[in-house]
Amino acid sequence: MINAFLAQDGIYLLTVILLGLGLAGIIVCNNYMKKLICMNIMQVAVIFFFLCLGQKNGGTIPVAMDTIIHAADYINPLPHGLMLTAIVVSLGTTGVGLALLTRIWERFGTLEEDEIIQVKGEDEV
Amino acid sequence: MQLRRVITVLIMVTILVVPFVAFRVLPEIGDPNSAPNSHVTDYYIEHTISECNSPNMVTSIIVDYRAFDTMFETTVMFLSGVAVILILSNKPKKRDDMFRKFNPCTTNTGPSIFKTVNKDVMISIIEPLILIYAIYVLFHGEVSLGGGFQAGALIGMTYLLDVMVVKRKDRDIFNYSLERSVSVAGTGPFIYAVGGILGLIGGGLFMEFEAIPLPIEAPELHSIGILIVEVGVTVGVMCTIITILKAIMDRVSFDDDND
Amino acid sequence: MNNFPALIVVCPLCAALLNLVLNRINEKLGKAVIVLSVAASLIMSVFVLAQVITTGTIHYHMGNYDMPLGIEFVIDTVNGLIVVLVSLIGFLTLLFSDNFGYKFKTRLTKGAANTVLTLLIVGLLGMTLTGDVFNLYVFLEITSLSAYCLIALGGERGIFSAFRYLLVGTVAATFYLLGVAILYGVTGTLNMADMADILNEGGKDQAMLLAICFLVPAFGIKMALFPFHGWQPSAYSYSEAGAAPLITGVMGKIPAYAMFRYLYCIYGTDFKYFNSILVIVGVFSVFGMLYGSIRAIAQTDIRKILAYSSVAQIGYISLGFAIGTPIALCGAFLHMLGHAFMKGGLFFCTGAIRHKFGTVNIEDFGRIYKKMPLTCGTLTIAALSMVGIPPTVGFFSKWYLGSAAAMQGEWIYLAVLVISSLLNAIYFFRLIEKVFINEDKSLKERVYDEFKTCGWKLVLPVVVCFIAILGLGLANVKIIDILMLSLKGVGLC
Amino acid sequence: MLLLQALLLMGLIAITISIIFGKNILITVIVYNAFSFITMFLYIVMGAPDVAFTEAVIGVISTVYFLMILKNVYRKSK
């Protein structure tokens, strides 16, 4: 019974909660490093959501063995191929974000949003 | 102030959760005849060995059916390496140390237990193993698990391991300059593009491995195309990771560097 | 000849990848190869456009796998025109960015800046050409990453706005991926044409509504539509001077084209909630037009004026999508073409003035037309075209939008169109008045040794934009016929 | 199998809450490394070994990037 509830919308519910927490983390967190981590968490949530769509009951991992022939026994390989791309893209974005953080740290001396707004406030806005 | 943040988090989560719970829209997890599991993937599963000569379906999808995607994905990797270099290219002004609130490590855990394990001996054992494993993952990518990204990232990790342990003065394995590592990172995706252009030269469309102008029959041509592409991806990912690490290392001053 | 669609994207990509290697051989070799490759892709895109006009839409299957299996490029007259636009402005920006090379000290950073700019062009070209849903996400990422880097090069404030744009842009890309996941979960394919067929069959309205709720904000953030434009003014104004024309002129428009592709080609008009989505997009664009113009009046830094006016102009384009008739869509795409040249031209002039006098504040633009006649000429023509004076392209696109709104009977859209044009008139005529009538501030010229050498690289983009604004204006009937070739059946007829 | 996925997901949610409301940034980065490890384990349970392999390797590398940047940034955060 629990399995039926989980399969129907339990897993989707947990994934969307993780997504919402990641998005909330970006908005709520005061430290820029934590915003970057929450951004990564949000991307992991969407990657997991995409992979959920490809699951099959009783399917093995998508490497073709000659003993098993017909297609119903293998897990859907398409989402896995796409999500490799999404994971490497998230690494690229994190790398660029961290380089920007180093420059912000050298310019403002802090990574806290409110301190930066004060320091930046009087000379720009 | 803490309460305000908790409330905003709860509001955000409910805004996103309500639509998903309200309509039961997505297929039940795992049922074999849901839309994604029945429409296109049966072709991939049945034809992966006969057409692309690679039992690993995920690799055949990445590098053969949707090879165009992965070419631009490797370019994203190269682009992030170049972007890190450009952003960290300025010479930081000598900052007064007022901002650097350096709080010494308070918990003292006694003499360092690492004295017993000699780091340098461990390194000379582990690194060759990881490199051999990376080469295996690269060339065995389409039969068992693995592929270009994993192999490139593994070699990048051996560089990382080496940088962390060996002191900066006497480091000699990966010691070429930032500019050289970025240029090699650029050639990675270019090798990938050459794999596609070979198909053009052979008269077919872009990324068509059957049209590679070599006198071998079709499935073998696919595996040669896949090999060229995997090598390109590995070179691209490896050198980008080394470039980003090297760019960050130049900016970050490790205090214990001079021990 | 039939491989041109792929070569348009792959040729500049290979040049960009090899740029750093070629720079090690010879200082100027890398940049020369890049300029040649973008010029080649410009010529190829003109050929492809000609072929599309004669023979109808082209389907180019990558790797020779037919439609639902592999990735395919779909080229009809709409994105054929946009590809020509992107490669032309990209070519001009590459030449223009040479003048600002003196900021990068070492050979590595100068070569890297050229690589990033070329990869931005490749990302934009790919986004217009692709017919695959996940491929659009990968090109979206390439465009965003190179945009973050180019904005971060614009000095200290550029770093801060680049980081804000990175956070918001990644949220947009994640929302886009979520929308694609929902659509994939319901249809099973990633090909736009195949997905459209499946969606039009079944009663999947709830899933489509859920997906569009994630897709419209994602594209809204990427194209800086009204409620999602928070990152845009500081990002556009502090971006690197050499790449500003491409970023402001074209980078905001391609997600608008992608939204059109989703709303009209995948969802189609028989989607149950189609009209309500159009109304929502209409409300966003109406507020955007008013807000952008009002905020632009209050600025003194010319780049901030142009950034806020971009928010208003993107409102015009999404207004065309909101009205929905083929005429409105043609007006929107004509405005997209025209605005790219107008905004690009204005930023070319801003870059030229900043290069020569080093100032960006419009207060001290007094009587610079004597020293820079060509730049001020293009500045005036672009300002007139933004306001919508007849011979220029701005007037005709607003004319088509207005007539379509009148035919559909949406008087609010027509009224806001007129009010926003008047608001545009206020701050653009103020700009012209500062340039021509204000007393001379006798600005001293910034003497740079590189300044004397690259004269034609400053002049050519400015002149081409001048000719393009007038040429598009006079030839707008021809362009509308070309657009109508593939937009006839689309939208609410 | 689904139950295991659900439990791991709840673990991830708990880690995310601790990251949002945590005080010390160094601990947040280390907990983020645990997050990427559990994600890798989740992909294995879902039957996606390729993705798990990539997530493991890239999780390690991104954590090392974070730690290197954190080296000269102080640790306390509100």
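This is a predicted model: local features need pLDDT of at least 70, side-chain atom pairs count only at pLDDT 80 or more; totals for chains, interfaces and linings use all residues.
**Stop 1: chains B and C**

Begin by selecting chains B and C. Five pairs of chains touch in this model, and the pair with the most contacts is B and C. Chain B contributes 51 residues to this contact, and chain C contributes 60 residues. The size of an interface is often given as the accessible area lost when the parts come together. Between chain B and chain C, that buried area is about 4,900 Å², and carbon and sulfur atoms give 78% of it. On the side of chain B, display Phe68(B), Leu79(B) and Leu86(B), which lose the most area to chain C. Together these residues account for 14% of what the chain B side buries.

**Stop 2: salt bridges between B and C**

Remain at this interface and turn to the charged side chains. Side chains of opposite charge can pair when their charged atoms come close.

Select Arg66(B) and Asp132(C) and show their side chains, which form a salt bridge with an N to O distance of 2.6 Å. Arg66(B) lies in the loop between α4 (57-65) and α5 of chain B. Its partner, Asp132(C), belongs to the loop between α4 (107-129) and α5 (133-152) of chain C, so that the pair crosses between chains.

Next, select Arg107(C) and Glu179(B). These two residues also form a salt bridge, and their closest N and O atoms are 3.2 Å apart.

**Stop 3: two helices within chain B**

Hide the other chains and select residues 67-87 and 218-251 of chain B, which are helix α5 and helix α9. Two packed helices are described by the angle between their axes and the distance between the axes. The axes of α5(B) and α9(B) come within 9 Å and cross at roughly 20 degrees. The two helices are therefore roughly parallel to each other. In passing α9(B), helix α5(B) makes a left-handed crossing.

Now display the side chains at the contact. Those of α5(B) include Met77(B), Phe78(B), Val84(B) and Ile85(B). From α9(B), the contributors include Val233(B), Val237(B), Ile241(B) and Ile244(B). By class, the contact of α5(B) with α9(B) has nine nonpolar and five polar residues, with no charged residues.

**Stop 4: chains A and B**

Bring chain A back into view beside chain B. Here the contact takes 52 residues from chain A and 51 residues from chain B. The buried area is about 4,800 Å², and carbon and sulfur atoms give 74% of it. Between chain A and chain B the count of salt bridges is zero.

**Stop 5**

The crossing of α2(A) past α6(C) is left-handed. The residues of this contact comprise 19 nonpolar, three polar and one charged.

**Stop 5: chain D**

Finish with chain D, whose secondary structure consists of three helices and zero strands. Along the sequence, the pattern reads α-α-α. The C-alpha atoms of chain D fill a box of roughly 40 × 25 × 10 Å along the principal axes. With chain C also displayed, note that chain C and chain D do not touch, their nearest C-alpha atoms being 15 Å apart.

Conventions. Residues are numbered from 1 along each chain as its sequence is written. Chains are lettered from A and ligands numbered from 1 in the order in which they are written. Side-chain values use heavy atoms; hydrogens and water are left out. A crossing is left-handed if the near helix is turned anticlockwise from the far one by less than a right angle, and right-handed if clockwise. Helices (H or I, at least four residues) and strands (E, at least two) are DSSP runs, numbered from the N terminus. Ala, Val, Leu, Ile, Met, Phe, Trp, Tyr, Cys and Pro count as nonpolar, Asp, Glu, Lys and Arg as charged, and the others, Gly among them, as polar. Contact means heavy atoms within 4.5 Å. Buried area is the accessible area (1.4 Å probe) that two parts lose on being put together, summed over both. A salt bridge is a side-chain nitrogen of Lys or Arg within 4 Å of a carboxyl oxygen of Asp or Glu. Axes are lines fitted to C-alpha atoms, for helices over the stretch in contact, and angles run from 0 to 180 degrees between N-to-C directions. Angles under 35 degrees count as roughly parallel, over 145 as roughly antiparallel, 65 to 115 as roughly perpendicular and the rest as oblique.
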